[in-house]
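Welcome! Take a look at the sequence and the structure below, and then let us walk through them together.

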Amino acid sequence: MAETLEQVTLRVNGTTRQLRVPARRLLSDALRHDLRLTGTHVGCEHGVCGCCTVLLDGDPVRSCLMFAVSAEGHELTTVEGLTPRDGDELHPIQRSFQECHGLQCGFCTPGFIMSIAGLLADNPDPDEDEIVEGISGNLCRCTGYRNIIRAVQRAAELLRAAESEAPGADDPSPHGAATTTSVSVPYAPSGADDHDATGDEGSAR
Ligand code: FES
Ligand code: FES
């Protein structure tokens, strides 16, 4: 008997996407296979490695432990959503991984980047213990973590510098850029609009 499909509306990287998927479709599979957002990697598929981490309403979650239908009504950000759709510029977290040699094979990297995006949105100036705690849910087989910690420290510097240069950064009001800008927002894709699951969301980074 054919499996019943559910109509699901997801907000991904600022764009509304419509899918028809089985109720048991994992969010990681919906992102990778239905929306072609293959920057979200899948390793263990049972919540251990952190490769599949995305932001759900700004908080890092493991997309292999969620059903796609459970993400309806939430804002999702994948690694593709950190960079402008029309630009080659890397997000400061990606740039810091490059500068600090925070990756080797790179398989774990998108998951680390999304965990770090959540960490730095909550805590723009973490000390080393807080960084270690913040990345403790992500596994890397290659780097030994030292350079990843350096990359987080460098990313925090770059993001704080970007915040202080942003228009309205000195505005103490709740509407000032310094209080309304999160890690993902300064590099959010421009021209976000509505697409169905066949829309081209851009390539994985
Ligand atoms: S693939 Fe999701 S935690 Fe490993
Ligand atoms: S860079 Fe290879 S697993 Fe982390």
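## Overall picture

Among contacts in the chain between residues at least 6 apart in sequence, 64% join residues at least 24 apart; two residues are in contact if their C-beta atoms, placed from the backbone, lie within 7 Å. The chain has six helices and six strands, and along the sequence they follow the pattern β-β-α-β-β-β-α-α-α-α-α-β. Helices (H or I, at least four residues) and strands (E, at least two) are DSSP runs, numbered from the N terminus. Of the 205 residues, 40% count as buried, with 20 or more other C-beta atoms within 10 Å of their own; 12 or fewer make a residue exposed, and anything in between partly exposed.

Residues are numbered from 1 along each chain as its sequence is written, and chains are lettered from A and ligands numbered from 1 in the order in which they are written.

The chain averages a pLDDT (the predictor's confidence in each residue, from 0 to 100) of 85, and 80% of the residues score at least 70. Over residues 172–205, pLDDT stays under 50. Where pLDDT is low, the predicted coordinates should not be read in detail.

## The nonpolar core

A nonpolar core is a set of buried Ala, Val, Leu, Ile, Met, Phe, Trp, Tyr and Cys residues joined through C-beta atoms within 7 Å. The largest one has 43 residues, of which Ala-68, Ile-113, Ile-116, Ala-117 and Ala-155 touch the most other members. Helix 3 gives the largest share, seven residues. Domain 1 (9–84 + 189–196) and domain 2 (92–186) both contribute, so this core lies between them; the domain bounds come from an automatic or database domain assignment.

## Helix 5

Ala-155 is one of the buried residues of helix 5. Leaving aside neighbours within four places in sequence, Ala-155 is in contact with Pro-92, Ile-93, Ser-96, Ile-116 and Leu-120. The cover over the buried residues of this helix includes helix 2 (92–99), helix 3 (109–122) and helix 4 (128–134).

## Two loop residues

Asn-13 has a positive phi near 55° without being a glycine. This residue lies in the loop between strand 1 and strand 2 (15–22), and counts as buried because it has 25 C-beta neighbours inside 10 Å.

Glu-45, also not a glycine, has a positive phi of about 60°. Glu-45 lies in the loop between helix 1 and strand 3, and its 15 C-beta neighbours inside 10 Å make it partly exposed.

Technical notes:
This is a predicted model: local features need pLDDT of at least 70, side-chain atom pairs count only at pLDDT 80 or more; totals for chains, interfaces and linings use all residues.
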